[in-house]
Amino acid sequence: MSLAERLPIGLALAAMVVYATTPFAIGLADRLQFYDKPAGYKGHARPTPYLGGAAVMGGFIIALLATAGDWRKTIPLVGGVALLWAVGTIDDRRTVRPEWRVLVELALAWMVWASGLGWHLHMGGGVDLALTCLWVLGIVNAFNLFDNMDGAASTMALVVSAGAALIGIIRGDAWLAVGAASLGGACLGFLPRNLFPPARIFLGDGGSMPMGFAVAVLVMVAATTSVSAWQSLLVALLLVGIPALDTSLVIVSRRRRGVSILKGGRDHLTHRARRFLPSARAVALTLGAVQAVVSVLAILASQGGSSFIVIGAILYLLAAAIAIVVLETQQVEEFGPVGVQKAVGVKGAGAKNPRPGLTGRLRSSPDHSPAALACLIVLGLGAGLSPFFFAYY
């Protein structure tokens, strides 16, 4: 089959499989009592089934195997997605130690690099492998953190995969285009039951972690089509601009407030945007639209000269730094410890208030003098790339 035939088939097949299997995932979670229960910073009103990741990743894998071809690339991606789904699902049920998660992600990063799907920037094998490991760790955990409000992670993955698919079409890379379209179709099939309130099912770590892994691989493949190493890295940064901004905002905010990065909370980009928008769905769609604009910039940058890429990257980093400064002037709702809290996103956190009976308080960010604002802008710029150099849980 030609690319023109395989791409819509992959997208439609993934969407149909996920849409058809999601009710079974909901039913299985009900039978197993496999719920995300409201607690502490979590804002959803009632226990909500996990196992959304099983439906999404199942549909993605089926479509990928049926339409992508090039088994040397497909098998490593499928294997990594399946393994992270298993680890994430176990973590949803009973906590997996962070160091074990890091080790699994590093092992998968090595496999991706050895399979030719990682960074190959002609900077030496050691450098390429290190960059691939840092990238996989950063993107997997960025999407894990971004899965904190109804529809947020799935909408973002849909937009990012659309950008990667367009680059694949432009470059004539059939595997990239079909693989990215399959991931986008899987997200499309899941969103009707996750984006529209009240969410009937959540991705869980079993969905956000393999989703982040798939995005990490597809973006690396899309970005390495650029002429030089630094251009490839900048294009990749733009393709995941909003998740990177969210992680950077959390890092900066919590360090300034003296709050552990390992703790969940309502200080993400989604929660702050929720104060200006009428619903969680509006937040997901608005941030998705912003990422779509940034993705278009990435696509144009991948086709343009070096000066265009530099201008685009500078504009993004400046906008990200300003956003961090502005958002840091808002009040942040802090919660006391309630049981054991994992530092994953706030599932179903579209509600504005915490569950009754749980303690929370608003903490204002410190007043900003001009000098402090200038320093914070520099800090924001420096943190703009930090999600790609650390793993957070």
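1. Let's start with a pair of charged residues. D91 and R101 form a salt bridge, with their closest N and O atoms 2.6 Å apart. (A salt bridge here is a side-chain nitrogen of Lys or Arg within 4 Å of a carboxyl oxygen of Asp or Glu.) D91 sits in helix α3 (residues 71-93) and R101 in helix α4 (residues 98-114), so the pair ties together parts that are 10 residues apart in sequence. Both D91 and R101 are buried. (Buried means under 20% relative accessible area, exposed means over 50%, and partly exposed lies in between, using a 1.4 Å probe and protein chains only.)

2. A word on what you are looking at. This is a predicted model, in which local features need pLDDT of at least 70, side-chain atom pairs count only at pLDDT 80 or more, and totals for chains, interfaces and linings use all residues. Residues are numbered from 1 along each chain as its sequence is written, and side-chain values use heavy atoms, with hydrogens and water left out.

3. Now the overall picture. The protein has 14 helices and four strands. (These are DSSP runs numbered from the N terminus: helices are H or I with at least four residues, strands are E with at least two.) Of its 393 residues, 57% count as buried. The protein exposes about 15200 Å², and carbon and sulfur atoms supply 70% of that area. (Accessible areas come from the Shrake-Rupley method with a 1.4 Å probe; for residues, only the protein chains shown count as cover.)

4. (Contact means heavy atoms within 4.5 Å.)

5. Next, look inside. The largest nonpolar core has 101 residues, and L77, W135, F213 and V215 have the most contacts inside it. Helix α8 (residues 205-223) gives the most to this core, with 13 residues. (A nonpolar core is a set of buried Ala, Val, Leu, Ile, Met, Phe, Trp, Tyr and Cys residues joined through side-chain atoms within 4.5 Å.) Leaving aside neighbours within four places in sequence, L77 is in contact with F60, L64, W175, F213, A214 and V217.

6. Some nonpolar residues are at the surface instead. L65, W71 and I75 form a nonpolar patch there, with about 300 Å² of accessible area together. (Patches are made of residues with over 30% relative accessible area and no salt bridge; like charges are joined within 9 Å, and nonpolar side chains, meaning Val, Leu, Ile, Met, Phe, Trp and Tyr, within 5 Å.) L65 belongs to helix α2 (residues 52-67) and, at 36% relative accessibility, is partly exposed.

7. Most residues other than glycine have a negative phi. D70 also meets K73 in a salt bridge (4.0 Å, N to O), and D70, R72 and K73 are linked in a network of salt bridges. D70 is partly exposed at 32% relative accessibility, and K73 is partly exposed at 23%.

8. L51 is also worth checking: its phi is positive, about 75°, although L51 is not a glycine. L51 lies in the loop between β2 (48-49) and α2, and is buried at 10% relative accessible area.

9. How many salt bridges are there in the whole structure? A search finds five. One of them joins R97 and E99 (2.4 Å, N to O).
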